[in-house]
Amino acid sequence: MSMSDSDSSSHASSSEYKTFRQISRDRLLQEMLRSTKTGDSKSTWKVLIMDKVTVKVMSCSCKMADITNEGVSLVEDLYRRRQPLPSMDAIYFIQPLRENVVMFLSDMSGRVPLYKKAYVFFSSPIPKELVNLIKNDTSVLPRIGALREMNLEYFAMDSQGFVTDNERALEELYGEHMQNSRQHEACLNVMATRIATVFASLRELPFVRYRAAKVDDSTETTFRDLIPTKLAASVWNSITKYKSSIPHFPQSETCELLILDRSVDHIAPVIHEWTYDAMCHDLLDMDGNKYVHEVPSKSGGEPEKKDVLLEDHDPVWLELRHAHIADASERLHEKMTTFVSKNKAAQIQSRDGGELSTRDLQKMVQALPQYSEQMDKLSLHVEIAGKINRLIRELGLRDLGQLEQDLVFGDAGSKELINFLRTKQDASPENKLRLMMIYACVYPEKFVGDKGTKLMQLAKLSPDDMNAVNNMKLFEGASDNKKNSLGGFSLKFDAQKRKHAARKDRTGEEEETWALSRFYPVIEELIEKVSKGELPKSEYACMNEPSPTTITSNRSLPTASARTSQAPVGAAHSMRSRRTATWARPRSSDDGYSSDSVLRHASSDFKRMGQRIFIFIIGGATRSELRVCHKLTAKLKREVVLGSSSLDDPPQFITKMKMLTKELSVDDLHI
């Protein structure tokens with residue numbers, strides 16, 4: 001019976017580089033499920049029992065077919081009444097909570113336990129008192145086949161992204177009257193534990209950097225300013241314990257972690273992001289990644305509704321998700337045209353009348369299965385892109401988007417805002433609210449006292465909406481007092497400056513091919529500074545400060561997972577001949593359906609990688625920030641992994657901002 005994390009890492013011995021989510025998947029399937037196939041248990045089917053957290057951990061990384069392939073015939077909820085199966089073994093994947101352990105002991109104790117044998121895996125470190133509770137139950141002890149800490153309690157919602165599932169982090173950490181509250185401390189502790197399990201899973205020891213609170217005699221440091229510091233200390237404390245408790249855990253630093261909070265960039269969560277992925281989640285009524293697609297009825301009746309998942313297994317989605325919506329629409333049109341011109345069945349079906357020859361029918365039947373599948377995928381995305389473009393026109397988003405970006409870059413001010421509000425009175429309340437929130441970020445002095453009330457009344461904002469705008473000031477302290485070391489990222493500028501802006505145009509960037517693609521999240525420049533070792537120490541401190549020699553010798557080394565086989569990384573070359581980066585461009589193909597090659601070649605981009613960079617944002621990350629991590633992975637030749645308490649689309653973030661100073665029920669949080 002082992003009490004430690006599994007002795008072998010699924011990636012440590014492999015010569016092939018594995019991405020963040022691939023490692024997470026392999027650990028769950030191989031280190032956990034496959035490890036139970038021992039002795040007389042090798043060929044028998046098992047029951048997998050999980051709690052409400054671990055079932056989500058599992059579903060983010062693995063599909064049901066993956067789990068079944070590892071010998072699991074039944075998946076059960078720990079807290080539901082379950083049928084006794086005394087001839088079957090059970091695998092428990094649970095959090096190390098007292099109530100979970102008590103439930104497990106109840107299942108396996110007595111003369112006739114629910115299951116023959118139990119293999120128990122905990123998602124994070126188990127307290128000693130719970131270990132003793134298990135050891136003291138002598139009837140259960142002989143029935144335990146394994147007792148291990150998997151140390152995997154994060155939710156891999158993207159190939160390069162994870163969340164800790166603290167949906168109420170903004171409210172519990174930054175809300176009024178939350179300082180030193182039980183919710184505040186519990187939220188930080190859960191977040192730190194789950195972040196630490198990321199590094200336990202990947203066998204990575206990070207330099208833990210964080211946005212430091214500003215120490216200034218003229219400004220009082222608030223409890224909100226100290227949240228990144230507290231989280232960094234807690235994460236480092238957990239990781240330090242792993243150094244001695246997990247076999248083969250690195251003893252020197254192998255990667256970089258930068259902990260930020262939402263104050264680093266107020267604008268990214270509310271501005272309209274014009275990529276296909278962001279537009280889908282912003283404008284369409286989606287449930288997570290699920291989209292309801294209407295398909296023609298085979299019987300000729302009403303269209304049938306079909307749930308489809310917009311995820312990595314869809315090659316068209318994988319190719320287009322980070323493309324500008326105009327670019328995505330153009331590419332889809334080209335794909336459909338090329339597909340029809342080169343596919344025999346499509347050509348035959350598209351003819352105007354005319355009798356089909358036997359040879360034509362034969363070709364059509366031969367091509368039909370493949371034709372049908374490819375046509376379905378393309379038509380799905382053509383429908384989605386068409387719906388988005390229609391909404392852009394109906395909601396007048398082009399004019400709104402232009403004003404948003406002009407405000408951010410200092411090319412518009414109160415005059416242009418007032419003119420928009422007076423001439424575009426049909427703009428939706430939500431879009432006017434988002435515009436006002438951006439304006440409040442760029443011009444916070446306009447909202448001191450009652451100054452902003454008239455503007456918000458002109459925008460016809462409701463009291464709840466005004467509350468969301470006013471709550472933006474809760475994040476000002478952390479970012480307003482910074483020196484402007486990131487080239488125009490601070491929200492307040494000196495009064496003498498003529499151009500009032502929250503961003504500066506990037507120098508050396510490629511010419512913008514698509515309109516409204518000027519905006520970029522703050523973390524884009526921060527990640528590049530992390531990679532170069534240029535983060536200002538006065539603003540970004542380090543829990544385990546490296547020596548100068550360590551910095552220079554370690555930065556170009558490959559990660560622990562790839563170090564055994566990789567050649568030195570070559571000099572980075574420009575991948576930006578146009579706005580759309582290489583990772584978001586179509587690959588050449590002669591079948592008119594080039595997206596499939598994206599799946600085939602997706603891992604080839606990771607063959608030679610430097611050390612990983614992890615960015616964690618307290619208070620919710622955005623799709624634009626996730627896109628930046630994919631973009632910079634290709635540019636820097638280092639896998640950039642984004643973590644956050646949650647992944648928020650604008651409506652979710654706005655709801656959370658309202659909750660900071662108002663009591664709302666959980667039902668009001670539409671997530």
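In strand β14 (638-644), S644 has I617 standing opposite. The model is a predicted one, in which local features need pLDDT of at least 70 and side-chain atom pairs count only at pLDDT 80 or more, whereas totals for chains, interfaces and linings use all residues. Residues are numbered from 1 along each chain as its sequence is written, and side-chain values use heavy atoms, with hydrogens and water left out.

The secondary structure of the protein chain comprises 24 helices and 14 strands. Helices (H or I, at least four residues) and strands (E, at least two) are DSSP runs, numbered from the N terminus. Of the 671 residues in the protein chain, 56% are buried; buried means under 20% relative accessible area, exposed means over 50%, and partly exposed lies in between (1.4 Å probe, protein chains only). Among the contacts in the protein chain with a separation of 6 or more, 79% are between residues 24 or more positions apart, a contact being defined by heavy atoms within 4.5 Å.

Strands of a sheet pair through backbone hydrogen bonds, either parallel or antiparallel. Two strands are taken to pair if DSSP finds at least two bridges between them. Strand β14 belongs to an open sheet of seven strands with mixed pairing, in the order β6-β7-β14-β13-β9-β8-β12. At its edges stand β6 (155-158) and β12 (540-542), each of which pairs on one side only. From one strand to the next, the twist averages 25°; for such angles, axes are lines fitted to C-alpha atoms, for helices over the stretch in contact, and the angles run from 0 to 180 degrees between N-to-C directions.

Within this sheet, β13 and β14 run parallel and are joined by six bridges. Strand β7 also pairs with β14 in the parallel sense, over three bridges, and here G161 stands opposite L642. Seven of the seven residues of β14 are buried. Both faces of the strand are covered, with R638, V640, L642 and S644 on one side and E639, V641 and G643 on the other. Elsewhere in the sheet, strands β8 (residues 206-211) and β9 (residues 255-261) run parallel and are joined by five bridges, and R209 has L258 in β9 as its bridge partner.

The residue R209 is also touched by E545, which touches K537 as well, when residues up to four places away in sequence are not counted. E545 lies in the loop between β12 and α21 (548-554) and counts as partly exposed, at 41% relative accessibility. Although E545 and V208 are 337 residues apart along the chain, their C-alpha atoms are separated by 8.3 Å.

A further open sheet consists of five strands with parallel pairing, in the order β2-β1-β3-β4-β5. Its edges are formed by β2 (72-77) and β5 (144-149); each has a single partner strand, so one side of each is left without a neighbour in the sheet. Neighbouring strands of this sheet are turned against each other by 15° on average, direction ignored. Strands β3 (residues 89-94) and β4 (residues 118-122) pair in the parallel sense over five bridges, with F93 opposite F121 in β4.

Helix α24 (residues 650-659) has nine of its ten residues buried, so the helix is largely enclosed by the rest of the structure. These buried residues are P650, Q652, F653, I654, T655, K656, M657, K658 and M659. They pack against α6 (169-174), α9 (276-283), α16 (429-442) and α18 (463-470).

The second largest pocket has a volume of about 550 Å³. On a 1 Å grid over the protein atoms alone, a pocket is an open set of points with protein on both sides within 12 Å along at least five of seven lines, and lining residues have an atom within 4 Å of a point. Grid points are joined across faces, edges and corners, and the volume is the space filled by probe spheres set on the points. Of the 19 residues lining this pocket, H293, V295, K306, D376 and K377 are the closest to its centre. The elements giving two or more residues to the lining are β10 (290-295), β11 (304-309) and α13 (358-394), and α13 contributes the largest share, six residues. The lining divides into six nonpolar, three polar and ten charged residues, where Ala, Val, Leu, Ile, Met, Phe, Trp, Tyr, Cys and Pro count as nonpolar, Asp, Glu, Lys and Arg as charged, and the others, Gly among them, as polar.

Key:
On a 1 Å grid over the protein atoms alone, a cavity is a set of points where a 1.4 Å probe fits but cannot get out, and a pocket is an open set with protein on both sides within 12 Å along at least five of seven lines; lining residues have an atom within 4 Å of a point.
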